[in-house]
Amino acid sequence: MSPALFAAFLAATAALMLIPGPNVALIVANSLSFGPRAGLMTVAGTSAAMVAQLAVASLGLTALLGALSNAFETLRWIGVAYLVLLGIRAWRAPTEDLSRTRPLKPRQAFGRGFFVSLTNPKTLAFYAAFLPQFLDPAAPVLSQMAILSVTFVMTAVIIDSGWALAAGRARGLVAKFGRARNRLTGAVLIGAAAGLALARR
């Protein structure tokens, strides 16, 4: 793979990651509600799901998974319902001092991120269509896919961590507006649910 082709891939990946989707919405919501540590653990969860999805795409198993479209459709709606539930809980949460907010356990933040990322049905099809555009047909495909996948995940981790830290800082700014913070968090999660509901394979 030429340096120019890799640079083009890196630029395209960064541009895509800067567009908020369900993953970013959950990361921001968790950082606003529970602090940047919860946001970063959510990033770990979404990134772990990306690794699994990229492995499937790299091994060329998307055609097999296409046969399971009904199962993926069901999984998507489970993800939508889960995000709506989290949004309603955040919206209706009692107003309290941030220092007294019950923390979200790391495994819970990780699990939320992993589940929401995994239930987005368009990601496998996206990876299968996006990554091959940057392959050099004269070079070994598997090693190139590995490089692109690692680069994709690392870019996602860096940018998504930025979202988590920015939202964590904003959490401090809205500390005295507890009800507004809860409503904002709930709206972000319900918006993410709407985005996932409109997603298509």
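This is a predicted model: local features need pLDDT of at least 70, side-chain atom pairs count only at pLDDT 80 or more; totals for chains, interfaces and linings use all residues.
Which residues in α2 meet residues in α6? Residues are numbered from 1 along each chain as its sequence is written, and side-chain values use heavy atoms, with hydrogens and water left out.

**View 1. The protein has 9 helices and 0 strands.** Helices (H or I, at least four residues) and strands (E, at least two) are DSSP runs, numbered from the N terminus. Along the sequence the pattern reads α-α-α-α-α-α-α-α-α. Of the 201 residues, 41% are buried. Buried means under 20% relative accessible area, exposed over 50%, and partly exposed in between (1.4 Å probe, protein chains only). Among contacts between residues at least 6 apart in sequence, 88% join residues at least 24 apart. Contact here means heavy atoms within 4.5 Å.

**View 2. Helices α2 and α6 cross.** In α2, P22, N23, L26, N30 and F34 meet R112, G113, V116 and S117 of α6. The residues of this contact divide into 4 nonpolar, 4 polar and 1 charged. Ala, Val, Leu, Ile, Met, Phe, Trp, Tyr, Cys and Pro count as nonpolar, Asp, Glu, Lys and Arg as charged, and the others, Gly among them, as polar. The axes of α2 (residues 22-34) and α6 come within 9 Å and cross at roughly 160 degrees. Axes are lines fitted to C-alpha atoms, for helices over the stretch in contact, and angles run from 0 to 180 degrees between N-to-C directions. The two helices are therefore roughly antiparallel. Angles under 35 degrees count as roughly parallel, over 145 as roughly antiparallel, 65 to 115 as roughly perpendicular and the rest as oblique.

**View 3. F9 and F134 form an edge-to-face pair.** A search of the whole structure finds 2 aromatic pairs. In this one the ring centres are 5.2 Å apart and the planes stand at 70 degrees, so the pair is edge-to-face. Rings of Phe, Tyr and Trp (its six-membered ring) pair if their centres lie within 6.5 Å; planes under 30 degrees apart count as stacked, over 60 as edge-to-face and the rest as tilted. F9 lies in helix α1 (residues 3-17) and F134 in the loop between α7 (122-130) and α8 (141-173), so the pair ties together parts 125 residues apart in sequence. F9 is buried, at 0% relative accessible area. F134 is buried too, at 10%.

**View 4. F110 and F114 form a stacked pair.** Their centres are 6.3 Å apart, with 15 degrees between the planes. Both sit in helix α6 (residues 106-118), 4 residues apart, and are separated by about one helical turn. F110 is partly exposed, with a relative accessible area of 30%. F114 is partly exposed at 29%.

**View 5. T46 is a buried residue of helix α3 (residues 36-58).** Its relative accessible area is 0%. Not counting residues up to four places away in sequence, T46 touches N23, I27, G113, F114, S117 and D160.

**View 6. A193 lies in helix α9 (residues 178-198).** A193 is buried, with a relative accessible area of 3%. It touches V80, L83 and V84, not counting residues up to four places away in sequence. A193 and V116 are 77 residues apart in sequence and 9.5 Å apart in space, C-alpha to C-alpha.
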